[in-house]
Amino acid sequence: SSSTTPIKATLFPGDGIGPEIAESVKQVFTAADVAIDWDEHYVSTEVDPRTNSFLTRESLQSVLDNKVGLKGPMATPIGKGHRSLNLTLRKELNLYANVRPCYSLPGYKTRYDDVDLITIRENTEGEYSGLEHQVVKGVVESIKIITRKASMRVAEYAFLYAKTHGRKKVSAIHKANIMRKTDGLFLQCCDEVAEKYPEIEYEKVVIDNCCMMLVKNPTLFDVLVMPNLYGDIISDLCAGLVGGLGLTPSCNIGEDGIALAEAVHGSAPDIAGKNLANPTALLLSGVMMLRHLKLNKQAEQIHSAIINTIAEGKYRTADLGGTSTTTEFTKAICDHL
Ligand code: NAD
């Protein structure tokens, strides 16, 4: 209620459609009377030499101080000699796990009605270590790094998540039959952690087979944990199972209890500034942030208002086959609250 002291949280509206959907979150949170005091940070127009990116040191410090935040999409400028904004955040804030729940939204019909999956992606290494070079002309090399430290950390997070969220099974996704050393080490770490959780069913699934099983019958899975690249791909596949990128939230987990929630999608330059974006993914990311803060009552209220608005079908954005603008859809959610 409005009588409680507001909790400070960092908000990065981000690029492209980011400011439009961030505005939607602010309006919905106000309508739900959520006691959050947003500490807003925009992506700078100049590179900060202290971070070698368009994110300032002050912006990073804001997340370190508040320990919680919500992030809009940030465009990655290609080949300009400074770090990607998302990579900067992940490295500087040590955001080691990306949690992406993927569930069927009642009232929005897709091929499946009963998807309820959690993908947990290792977020700091693997093929995303940025170690690529040309060996000789016509031959390039990319180095995949897997460490015991990062693999144990994400495996431990996945099993703890399963236990605390009443989940029954964890599947480790891999290609250890080919990448014996790297994926082999990742699996070995998952095996070790699994032994500490006898109450949670544990299985290992090869990534190609996992893709086939996911599209044939997504209910075969519960919690999936995997190295960085596989997580990137599989989580988009899962988004496709429930209606696309406009709907799927995520939360980045860092050391010292940092949680930075963000939509799975990017800055959607094709529809930016046109009042067409679906704010649902960022709104549901905001709901994840509220749950992290144990503001469960308001999280549930906002969640139901979103679900009910979509289910009614009167106000839907274009990606869900409707004709509503971002602001009309947002207003409909606020009216539900
Ligand atoms: P994208 O997710 O921005 O867009 C893919 C397609 O989905 C587009 O057609 C877009 O219009 C649509 N879409 C995405 N979000 C939507 C929404 N909320 N409502 C309605 N339609 C939506 O992917 P992209 O085009 O490959 O990337 C654009 C930029 O975003 C790039 O610079 C990329 O690096 C960046 N990006 C950032 C993040 C992040 O900040 N986490 C994630 C992915 C991509």
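**View 1. Ala268 sits in the loop between S12 and H8.** Ala268 has a phi near 40°, a positive value in a residue other than glycine. A backbone N or O atom of Ala268 also lies 2.7 Å from an oxygen atom of the ligand. This is a predicted model, where local features need pLDDT of at least 70, side-chain atom pairs count only at pLDDT 80 or more, and totals for chains, interfaces and linings use all residues. Residues are numbered from 1 along each chain as its sequence is written, and side-chain values use heavy atoms, with hydrogens and water left out.

View 2. Ala, Val, Leu, Ile, Met, Phe, Trp, Tyr, Cys and Pro count as nonpolar; Asp, Glu, Lys and Arg as charged; the others, Gly among them, as polar.

View 3. A polar contact is a pair of N or O atoms within 3.5 Å.

**View 4. The largest pocket has a volume of about 570 Å³.** On a 1 Å grid over the protein atoms alone, a pocket is an open set of points with protein on both sides within 12 Å along at least five of seven lines. Lining residues have an atom within 4 Å of a point. A volume is the space filled by probe spheres set on the points, which are joined across faces, edges and corners. The lining holds 23 residues, and Tyr157, Tyr161, His165, Met288 and Arg291 lie nearest the centre. H8 supplies the largest share, five residues. By class, the lining divides into 14 nonpolar, six polar and three charged residues.

**View 5. The second largest pocket holds about 470 Å³ of space.** Its lining has 25 residues. Asn86, Arg90, Arg100, Arg121 and Asp232 lie nearest the centre. H3 (85-92) is among the elements that supply at least two residues. H3 gives the most, with four. The lining divides into nine nonpolar, nine polar and seven charged residues.

**View 6. The largest cavity holds about 40 Å³ of space.** A cavity is a set of grid points where a 1.4 Å probe fits but cannot get out. The structure holds one cavity of 30 Å³ or more. Among the residues that line the largest cavity are Pro101, Cys102, Tyr103 and Leu284. S4 gives the most to this lining, with three residues. The lining has eight nonpolar, one polar and no charged residues.

**View 7. Lys294 lies in the loop between H8 and H9 (296-312).** Its phi is near 65°, a positive value in a residue other than glycine. For the whole chain, pLDDT, the predictor's confidence in each residue from 0 to 100, averages 94.

Methods. A polar contact is a pair of N or O atoms within 3.5 Å; within protein, one must be able to donate a hydrogen and the other to accept it, and residues adjacent in sequence count only if both atoms are side-chain atoms.
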